[in-house]
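This briefing is meant to be read with the sequence and the model side by side. Please have both open before turning to the points grouped below.

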Amino acid sequence: MNFKRISMITVLAAAQVSMAFPVAAESPDVTAPALNGQPALQSPVEGQSQANREQQTDLQQAEETPATPTETPSDSIEGTTSDPNATPSEPNEQQEDLASDPSDNEVSENEEGSPSESKPEVGSTNAAANELVLLMNSNVMYHNGKQYKAGQPMAVKQGVSYVAIRAMVERAGLKLSYDNKTKETIIIKDGNELRFTTGSSNYKVNGQVRPMKGPAYQSNNVFMVPLTAITQALDIPYTVNQPEKKVILDLSGMGSGSNNSGEKPGGSSGGGSGSEVPNIPNLGPNDLILMMNSNKMYQNGKAYTAGQPMAVKNGVSYVAIRSLVDRVGLKLTYDGKTKETIIIRGNDELRFKTNSSVYTVNGVRKSMKGPAYQSNNTFMVPLTSITQALDITYRVDQPNKRIILSLSSKPVASFTVQPGEIFAGQTKVTYKTNAYSPTGLAIVDEHWEGREDVFEEPGVHTVSYSVQDASGEWSDPYILSIHVSAPNTPPVAMFDTDKQQYKIGEKITYINMSYDSDPGDEITFKWENNDQAFFTAGPHKVLLIVTDKHGATSSYEKIINVTSEVLYTRDQFNQLFTGIGDKYTFDGSAVPTWNLMPITRSSEPYLLIRSNSPETVYQEGIVYREIGNASTRFMIHHLNATGKNMKMYVVATNINTMTARLTTEYTGLGGPINIPTATGKAAVQRYLESMQSAEAFKTISLAPGESRIILQDLSAQTMKNQQVLSMFADLYSDSPIRYDVIMIDEAKDPIQKLPYLKLHPADGIHNRGTYPDSTRIIESYDLVGSTPTRLAIGDKTNDPNLEGYDGINGSYQSNAGNFGVLYKIKLHRVAPNTLITLNPRGGKYMGAMMVNGNIIQTPNTSGGAVSAPNEAAVLYRTGNYEQTVEILFTAAPGSSLPINILLQPLPQVKN
């Protein structure tokens, strides 16, 4: 056993294969300085022959076997006296340019590396055509009967065998260049781009990263890469002839290695002799046979090998996507930017992504039975999904453990029409065709029956479409039944008013009498100048425009006559008739002189965690951390400025030695959108709505030390760059819980990454902190509303800021604006005929309030924001009797504080 192990190591040590070329063609392999790195296991190439895989495995195992000093060559390169641990010098920039210049590859006679007439080494003359023979312990090699020398001998570093990359590539007849900007050596093979970098244990194929057993490095301006990696990357089969001390590379067997499908490396399906093809009755000429639990495929009398066998995961059958698509005859590529595998079929673009259960067809999402995944660098997708996506029918032969896909050589034609609803004699029809050949032939002709650009008669019209490919074969006709409706009738606009003549300030009632005679046709209305009242005498023109869903329109105009007699002034009218939640303008300059409402103030023990700084987040991390116990409220408001898609999470961790119970009570989420005031308003409105029912309460148990994501409504949202999320949440725990509010890349696991995330400092502009007693109770027992009265909120003077501390650094904090505080306001005695409004005093305000159990938007959605100081939104009007009014209010994130709640007597109603 020991002797056998030593022999394997000796084979590897001897296999310092010299990849060579004629000297005049031997421009140096130039890259950046070498770096140390750890070897990584390289997976087999999909479609590579089994023999080649076994040979690579033997060589890899030998490289990984420890060796004694007498069995392993020194790190010193043969023919040099350089220090093996010394860092190579920087490559000469001029040599880098020369390295990619094809003009440097001209052969000069009698130079080292030129074809030699010296006696060939043992066995070299027995090489088959296009075999490259590498002699062990020598930089000499033979190709097609000629002798060449490599730029550097093969070296062994940390158990990995290295060869000069240029020597290998040029003998294989491929193009090699150097990218000065990225410092990468580039190989172009079959239209695919392979990139290697000094010091890296990875290389890239069309932007997709593949591992190598060890890092590439530079020796005497020659770029060295692992032998197993370059042969695998170029899909070159080879054998090791130990008795004759040589390695033989079969360049004629070099695969296509396109590898751009998202199947890390390898995606070509190797062809076979066809001797094992099963005999199946009723088999079509292009039908594809897949063997269950095997990588064998059969088509047109030939055997092929998939990159991976068919597999079953969680009850779903998977196949290698490239192997199947290649046999179907379609084009497959890889998008390095989006990390998606792309199939082109006619005008359709299908996109698949690793770990996703969704694929897209021309951007439209389609679901799969299971997620795509990578297995040994091969991209695997559910069989049912890929066949459905490609419109391939198949049958299962269970007794013989095989699946037969019906693949036709006929071209395929289809088309769609727009718009979705077509009217006789009116609609111009647009036809969008899609045609392709399963065998890749060009479509050269087409044939239509029943096609019309404008159908003159209503009813069902049959249209067929066929195409012909370059071989002369026609597709089956694609037939579509088109429903043509009777011509659309335009709507009729009409309205009236309750009177023909009005006083100044008199309320006008508009009666809309518009209609559309087409059954089920919906119409929209656009009014111009339909004020509720006019405040100047004379004629006023009011216009109504109606439009049906097909775009047909009609309009009606009416003149409203207003006399000079005054019924109400504008202010009186607004106070009496402005709708609840709507806003109106007034002179707000006198509001600060109004009397303050006499109140009593108390609080409830609710801990507020305000996560609002940094408001704009530029990198992932923990934006706030705090320990909460019993009743805890969150107010979260952050903007994503990282430049990529992110998610926000609240992670709860039980820091106790006993199980903890945590109940989520009321929540409200706004966003993600890029309008901060709108997200704040939506969060407050939904938070108040959740208080109208306890059905959403949810309790979880946390084991000691357990961390869990809570507030799933928040974490379910993906924040695009420059989008904002706002949230309110009331929680209750029976023991202390540590809460982490984090923003992290959407693809990352927050629980796994939490221990490694940085704690963000505050931004110095916005407020964050932990504040006790954050439910503020305000009550008034006096009669209010009989004279102008105001209640100030968030002004610091009449409504003191909550005081607390920063949960991350412990610094003192004052809650400016009292954002996150829930105000429970109870006015026990409100006078009859009192108007209650919200008047901003600090800027624009968009929010919501609950008044006597009803949620009032401030202002209504159509009204935008309420602006300080001369706008007010109507909250409530009392009737003819004294009432109690209860208000729930919390400031909307993104809006400006303070605000005043105004109470004033209503004007007298006139007949």
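The model is predicted. Its chain has 911 residues, of which 51% are buried, and it is built from eleven helices and 65 strands. Among contacts between residues at least 6 apart in sequence, 71% join residues that are at least 24 apart.

**Nonpolar core**

- The largest nonpolar core is made of 42 residues, and those with the most contacts inside it are I793, I825, I887, F889, I901 and L903.
- Strand β59, which spans residues 822-830, gives this core its largest share, namely five residues.
- Once neighbours within four places in sequence are set aside, I887 is in contact with Y823, K824, I825, M849, M850, V851 and I901.

**Cavities**

- The lining of the largest cavity consists of 14 residues, with L290, M297, A306, M310 and V319 lying nearest its centre.
- Two or more lining residues come from each of the elements β17 (288-291), β18 (296-299), β21 (316-320) and α6 (321-328).
- By residue class, the lining of the largest cavity comprises nine nonpolar residues, four polar ones and one charged one.

**Enclosed helices**

- Helix α5 (residues 227-234) is largely enclosed by the rest of the structure, because eight of its eight residues are buried.

- T578 sits in the loop between α8 (570-577) and β43 (583-585), and it counts as buried because its relative accessible area of 7% is under the 20% cut-off.
- A polar atom of the T578 side chain lies 2.7 Å from the backbone oxygen of N574.
- Leaving out residues up to four places away in sequence, T578 touches F573, K583, Y584, V874 and R877.

**Other buried residues**

- N488 is placed in the loop between β36 (478-485) and β37 (495-497), where it counts as buried at 11% relative accessibility.
- The side chain of N488 makes a polar contact of 2.9 Å with the side chain of D548, and D548 is among the residues that N488 contacts beyond four places in sequence, together with F423, Q426, D518, D521, H550 and A552.
- Y238 belongs to strand β14 (residues 238-241) and is buried, with a relative accessibility of 2%.
- The C-alpha atoms of Y238 and I248 are 5.4 Å apart in space, while the two residues are ten apart in sequence.

**Backbone features**

- The peptide bond that joins Q418 and P419 is cis, with omega about 0°, and P419 lies in the loop between β31 (412-418) and β32 (422-423).
- A cis peptide bond also runs from G671 to P672, with omega near 5°, and P672 is found within strand β50 (residues 660-673).
- D773, in the loop between β54 (769-771) and β55 (775-784), has a positive phi near 55° although it is a residue other than glycine, and its relative accessible area of 36% makes it partly exposed.
- N833 is in the loop between β59 and β60, and its phi is near 55°, a positive value in a residue other than glycine, while its relative accessible area of 34% makes it partly exposed.

Key. Residues are numbered from 1 along each chain as its sequence is written. This is a predicted model: local features need pLDDT of at least 70, side-chain atom pairs count only at pLDDT 80 or more; totals for chains, interfaces and linings use all residues. Side-chain values use heavy atoms; hydrogens and water are left out. A nonpolar core is a set of buried Ala, Val, Leu, Ile, Met, Phe, Trp, Tyr and Cys residues joined through side-chain atoms within 4.5 Å. Buried means under 20% relative accessible area, exposed over 50%, partly exposed in between (1.4 Å probe, protein chains only). Helices (H or I, at least four residues) and strands (E, at least two) are DSSP runs, numbered from the N terminus. Contact means heavy atoms within 4.5 Å. On a 1 Å grid over the protein atoms alone, a cavity is a set of points where a 1.4 Å probe fits but cannot get out, and a pocket is an open set with protein on both sides within 12 Å along at least five of seven lines; lining residues have an atom within 4 Å of a point. Ala, Val, Leu, Ile, Met, Phe, Trp, Tyr, Cys and Pro count as nonpolar, Asp, Glu, Lys and Arg as charged, and the others, Gly among them, as polar. A polar contact is a pair of N or O atoms within 3.5 Å; within protein, one must be able to donate a hydrogen and the other to accept it, and residues adjacent in sequence count only if both atoms are side-chain atoms.
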